[in-house]
Amino acid sequence: MTDTSGANPIGRRTVLIATGATAATLAVGAAAPEARTTAQADDTSPVAAAAVCTLTKEMTEGPYYLDGQLVRSDITEGKAGVPLKLALTVVDDDTCAPLSNALVEIWHSDALGEYSGFVGNNGHNEPDDGTFLRGGVLTNSSGVANITTIYPGWYRGRCVHIHVKVHTNVTLTSDGSFTGGQELHTGQLFFSETITTGVAKVSPYSTNTVTRTTLAQDSIYDDGGVTSGLLTLTALGSSVSSGYTGTLTLGVEQS
């Protein structure tokens, strides 16, 4: 089952922002036609200085989303895999100021390409509690959501990816979940093909016999790099098994 059939039409704007000296050298004209430069002189929003904000498409929610998942910083539930520490920063697309208390929610497949709640769709038989590798966390005062998970596996027809939503004004519930709020962004996060190739050789990923779709072959990823959700990955150690950090800044429109 591919990940293209469960989408609702997406009309909201979302940006991914590059900041600092690197951003100052980016060529806006080489980006998508919607690209624009954001200039911000407000000293209370230093992130905006010399920033280039590039509009990008939101991406399909896919068929594997489940409402009411847990608010938690560690979503692994003991799932085996290469450690992945995500640091996702949420900013306002108009001011580039960080958004605190925004709920960043993610969900993705395990090393064998199975989603909780849908185990078996990728041909593997394993326990299914409906919650593994699902959840989210509120951003801190710097707009950063830190989430601990594992490097995703792959399933038929899709490259390795993570789904992400950003909500604001949610209400946390007594059972550890959330309700209400406004959904500002639905997108996907992608991974370096070079690093994925190395991860695929490590157990338990190496036992996934489903043919892996690459970034270049994927029907959703549009080869836009960071502007399309490509994570910046940094090794946590000297071996693949040590894991990676994954960082990205997501800009969202609040109104």
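## Terms and overall make-up

The structure described here is a predicted model. In this chain the secondary structure comes to two helices and 13 strands.

The chain has 255 residues, of which 50% count as buried. Its accessible surface comes to about 10,800 Å², and 52% of that surface belongs to carbon and sulfur atoms. Among contacts between residues at least 6 apart in sequence, 76% join residues at least 24 apart.

## Confidence in the model

The average pLDDT of the chain is 82, and 78% of the residues score at least 70. Over residues 4-52, however, the pLDDT is below 50. Beyond near neighbours in sequence, this stretch has 93 contacts in the model.

## The loop between α2 and β12

Helix α2 covers residues 193-199, strand β12 covers residues 232-235, and P204 is placed in the loop between them. The peptide bond that leads from S203 to P204 is cis, with omega near 5°.

Y205 is found in the loop between α2 and β12 as well. Is Y205 buried or exposed? Y205 counts as buried because its relative accessible area is 0%, and the cut-off for buried is under 20%. Leaving out residues up to four places away in sequence, Y205 touches G81, V82, A111, I150, Y151, P152, G153, W154, V199 and A200. Along the chain, Y205 and A80 are 125 residues apart, yet their C-alpha atoms are separated by 9.3 Å.

## The loop between β12 and β13

V240 is placed in the loop between β12 and β13, the latter strand being formed by residues 244-252. With a relative accessibility of 25%, V240 counts as partly exposed. Apart from neighbours within four places in sequence, V240 is in contact with V82, G198, V199 and V202. For one of these residues, V202, the separation from V240 is 38 residues along the chain and 7.8 Å between C-alpha atoms.

Strand β3 is formed by residues 52-56 and strand β4 by residues 83-92, and E77 lies in the loop between them. The relative accessible area of E77 is 36%, so this residue is partly exposed.

L133 also has a positive phi, of about 60°, and is not a glycine either. L133 lies in the loop that runs between β5 (103-107) and β6 (134-138). Whereas E77 is partly exposed, L133 counts as buried, at 0% relative accessibility.

T76 is buried because its relative accessible area is 14%, a value to be set against the cut-off of under 20%. What does the side chain of T76 contact? It makes a polar contact with the side chain of D74, at 2.7 Å.

Not counting residues up to four places away in sequence, T76 touches L133, T148, T149 and I150.

## The loop between β9 and β10

T173 lies in the loop between β9 (171-172) and β10 (178-179). T173 counts as partly exposed, at 29% relative accessibility. With neighbours within four places in sequence left aside, T173 is in contact with F178 and T179. T173 and G68 are 105 residues apart in sequence, and 9.7 Å apart in space from C-alpha to C-alpha.

Rolling a probe the size of a water molecule over the atoms shows where empty space is left. The model has three cavities of 30 Å³ or more. How much space lies in the second largest cavity? That cavity holds about 60 Å³. It is lined by 10 residues, and those nearest its centre are Y64, G113, N121, N122 and Y155.

Key. Residues are numbered from 1 along each chain as its sequence is written. This is a predicted model: local features need pLDDT of at least 70, side-chain atom pairs count only at pLDDT 80 or more; totals for chains, interfaces and linings use all residues. Side-chain values use heavy atoms; hydrogens and water are left out. Helices (H or I, at least four residues) and strands (E, at least two) are DSSP runs, numbered from the N terminus. Buried means under 20% relative accessible area, exposed over 50%, partly exposed in between (1.4 Å probe, protein chains only). pLDDT is the predictor's confidence in each residue, from 0 to 100. Contact means heavy atoms within 4.5 Å. A polar contact is a pair of N or O atoms within 3.5 Å; within protein, one must be able to donate a hydrogen and the other to accept it, and residues adjacent in sequence count only if both atoms are side-chain atoms. Accessible areas come from the Shrake-Rupley method with a 1.4 Å probe; for residues, only the protein chains shown count as cover. On a 1 Å grid over the protein atoms alone, a cavity is a set of points where a 1.4 Å probe fits but cannot get out, and a pocket is an open set with protein on both sides within 12 Å along at least five of seven lines; lining residues have an atom within 4 Å of a point. Grid points are joined across faces, edges and corners, and a volume is the space filled by probe spheres set on the points.
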